[in-house]
Amino acid sequence: MGGYEHLIVLAFSAVLAYTVTPRVAKAMSALKHVRPDVHKPGRPLVPYSGGIAIYASTMPALLAAALLDTSLAAQICVLAAVASIAFAVGLVDDFKVLGGRTKTLLTLLTVLPLVAAHIALPSHVQLGRPLVPLLGRLRLTIVYWLLLPLVAAGPANVVNMLDVFNGVMPATSLAAAAALTVSAYLFEPKGALLLLPLLGALAGYLPYNKWPARVLNGDSGSLMVGAYIGAVAALLHLEFIAAVTLIPHILNGALVIVSVGGFKEHRQMKERPVVVREGFKLVASSSQTAPISLVRLILAVEGPLEEKQVAARLIALGVVSSTLAVVSALLTPR
Amino acid sequence: MSGLRSLLVFGVLIVLVWLSSVALLYAIDALIVAVVKESWARTVLGLAVFALWAFSWFMAIIVLSRKLISSWARRASEGPKT
């Protein structure tokens, strides 16, 4: 299999996302499925559920990948099933708000295709052999299965929780997917084909979601992208590397969950971690009882910032962790 | 440079978490996997060490967060210096 198949899949999903996203945005506007962009003057209404465009670009590219390399068909089916479950949960939440706990529990269903494929097709889908720096391939017989429910649901939820400003979710996920793709080329070049549909879709979608956003991702986008990253990491044994790329997301998720006392929708929170002041500058809440989030801590360190500046810092942290993920891959014996 | 303060603080934090996670894996391999035979006891021991590592980091980050927020609240209540 030559490299040109990889380029075809990457270009196909990127072009598809770039073409489909404005049409999805237009359709959402026509349906009046819009949300206020709360950090901008006048709180403009922006089309919601841009995740539909990411999903609609990733799935055909996955199908193309399966046709170009049939040996990956089983893994691609698993990946498509995981992404579809997370997308469906997110889409329901976009249109009919689910509670924080319900949404989190529903994302746990993403583990089912992974387990089913591991049992039914053990020669194609092997789980429990993560690659780690210095030691190489581990053989986790019990621990892995205890932690497996978190493999796709964990990334889905932490990516969702950091989807707070224009451009942050696609840009940080793009950095994570790029780091995983580089790692996949180091260990199993054929497997990198599994990541290219997401990489291309995010690259094609980002111009529409970057500040000032012309479409908002919705949970359909963030849950699907996070679950995809988790599932592909499990399929390619890159769990440690995926965890490193998502350190800012994990840090933010842990802080929010503990400070609000569990899984709560942002609409259920009585206080906000960040306050919008005059001139649409964001300021860290000084209340002792407000939720703690990574954005609140960034603002506490730097003082008032504009949305664009906070987003740039979050993206830079995503690039730092993705760089460390690539270093981890380089330190892993082959 | 002041614009990069948060990048520096959280970038260093991310690097430290990463370095300690690599050290943790190495320590588990050298001190538990190499010494204790494969069993439930080894699983529990490995998970306990991992949980201790995660809990220690978490407590450290919570303490750091509270200090940052208190410091910010104090600065905010003092108002801008003229």
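Strand S5 (residues 274-276) of chain A runs antiparallel to S6(A), joined to S6(A) by three bridges; strands here are DSSP runs of E with at least two residues, helices are runs of H or I with at least four, and both are numbered from the N terminus. Strands count as paired if DSSP finds at least two bridges between them. This is a predicted model, in which local features need pLDDT of at least 70, side-chain atom pairs count only at pLDDT 80 or more, and totals for chains, interfaces and linings use all residues. Residues are numbered from 1 along each chain as its sequence is written, and chains are lettered from A and ligands numbered from 1 in the order in which they are written.

S5(A) and S6(A) make a hairpin with four residues between them, and Gly279(A) in the turn has a positive phi of about 75°. Val283(A) is the bridge partner of Val275(A). S6(A) also pairs antiparallel with strand S7 (residues 305-306) over two bridges, where Leu305(A) partners Leu282(A).

Helix H2 (residues 51-68) of chain A has 18 residues and reaches 26 Å from first C-alpha to last, close to the 26 Å expected at 1.5 Å a residue, the expected span being 1.5 Å times one less than the number of residues.

Between the chains, 27 residues of chain A are in contact with 26 residues of chain B, contact meaning C-beta atoms, placed from the backbone, within 7 Å. On chain A's side, helices H12 (247-260), H13 (294-302) and H14 (307-330) each supply at least two residues, and H14(A) gives the most, with six.

Methods. Two residues are in contact if their C-beta atoms, placed from the backbone, lie within 7 Å.
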